[in-house]
Amino acid sequence: MVWWVKFQLPKGNSVDPTCIFCKIIDGNSPSTIVHQDEHAVAFLDIHPAAPVHILIVPRQHIESINALETEHKSLIGHMFTVARDLAKEKGVSESGYRLIINNGSDARQAVFHLHLHLLGGQQMRYPMG
Ligand code: AMP
Ligand code: ZN
């Protein structure tokens, strides 16, 4: 990340103006937002892989799991509780759902703003990988 495309906002939040998810969070790119709070935003995946496919993202631009710092521990926990609540809201809590974080090239991470996929509403394929 070069210095002129990354800058600090108040309260320790950082954004990357070239990042599609930062643009969605800031309202500068269209999306269907299904949840937002002080720390995280959730919106529908543009290419859904299941009847329910939601991305839960931190407001802060964190590139991947590899970029996590100790200070992010509670944020990660928050992303999972948001996913749990959305699963319930979308009616897949009891039928089951899959939570996925892709990290890096072999995992086919395409957007380098940390995101948790919530997938549900169908029988998932197995084995994974
Ligand atoms: P990943 O491979 O884990 O990086 O997944 C990135 C996900 O972001 C993919 O499932 C894409 O379909 C999704 N995606 C990319 N651009 C957008 C967008 N503008 N709005 C919603 N979802 C998006
Ligand atoms: Zn971002």
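Q: What share of the residues in the protein is buried?
A: Buried residues come to 25% of the 129 in the protein. Buried means 20 or more other C-beta atoms within 10 Å of the residue's own, exposed means 12 or fewer, and partly exposed is in between, with C-beta atoms placed from the backbone.

Q: Before I go on, what kind of model is it, and which residues count?
A: It's a predicted model: local features need pLDDT of at least 70 and side-chain atom pairs count only at pLDDT 80 or more, while totals for chains, interfaces and linings use all residues. As for labels, residues are numbered from 1 along each chain as its sequence is written, and chains are lettered from A and ligands numbered from 1 in the order in which they are written.

Q: How many helices and strands does the protein have?
A: Two helices and seven strands. Those are DSSP runs numbered from the N terminus: helices are H or I with at least four residues, strands are E with at least two. Starting at the N terminus, the order is β-β-α-β-β-β-α-β-β.

Q: And the contacts, what fraction join residues at least 24 apart?
A: 56%, among contacts between residues at least 6 apart in sequence. Two residues are in contact if their C-beta atoms, placed from the backbone, lie within 7 Å.

Q: Tell me about H2. How many residues, and what's its reach?
A: H2 has 17 residues, and from first C-alpha to last it reaches 25 Å, close to the expected 24 Å. That expected span is 1.5 Å times one less than the number of residues.

Q: Which residues of H2 are buried?
A: Met-79, Val-82, Ala-83, Leu-86 and Ala-87. Looking down the axis of H2, the buried residues fall within an arc of 135 degrees, so they line one face of the helix. The arc is taken over the directions from the helix axis to the C-beta atoms. On the other side of H2, Lys-73, Ser-74, Gly-77, Thr-81 and Lys-88 are exposed.

Q: What does the buried side of H2 pack against?
A: Strands E3 (33-36), E4 (40-44), E5 (52-58), E6 (97-100) and E7 (116-120).

Q: Let's zoom in on Val-82. Why does it count as buried?
A: Because Val-82 has 23 other C-beta atoms within 10 Å. Leaving out residues up to four places away in sequence, Val-82 touches His-35, Ala-40, Ala-42 and Ile-56. Val-82 and Ala-42 are 40 residues apart along the chain, with 8.4 Å between their C-alpha atoms.

Q: Which residues of the largest nonpolar core touch the most other members?
A: Ala-42, Ile-56, Val-57, Ala-83 and Leu-118, out of 25 residues. Two or more core residues come from each of helix H1 (20-25), E4, E5, H2 and E7. A core here is a set of buried Ala, Val, Leu, Ile, Met, Phe, Trp, Tyr and Cys residues joined through C-beta atoms within 7 Å. In general, nonpolar side chains tend to be buried together in soluble globular proteins.

Q: What does Ile-56 touch?
A: Beyond four places in sequence, its contacts include Ala-40, Ala-42, Met-79, Val-82 and Leu-118.

Q: New topic: the ligand. Which residues come nearest to ligand 1?
A: Ile-46, His-47, Asn-102, Ala-110 and Val-111, of 13 around ligand 1. Near means a C-beta atom, placed from the backbone, within 6 Å of the molecule. By class, this shell has six nonpolar, five polar and two charged residues. Ala, Val, Leu, Ile, Met, Phe, Trp, Tyr, Cys and Pro count as nonpolar, Asp, Glu, Lys and Arg as charged, and the others, Gly among them, as polar.

Q: Where is Cys-22, and what does it touch?
A: Cys-22 is in helix H1. Not counting residues up to four places away, Cys-22 touches Val-15, Asp-16, Pro-17, His-61 and His-113. Cys-22 counts as partly exposed because it has 19 C-beta neighbours inside 10 Å.

Q: Last one, the backbone. Where is the cis peptide bond?
A: Between Tyr-126 and Pro-127, with omega about 5 degrees. Pro-127 sits in the segment after E7. Separately, Arg-108 isn't a glycine but has a positive phi, near 65 degrees. Most residues other than glycine have a negative phi, and most peptide bonds are trans. Arg-108 is in the loop between E6 and E7.
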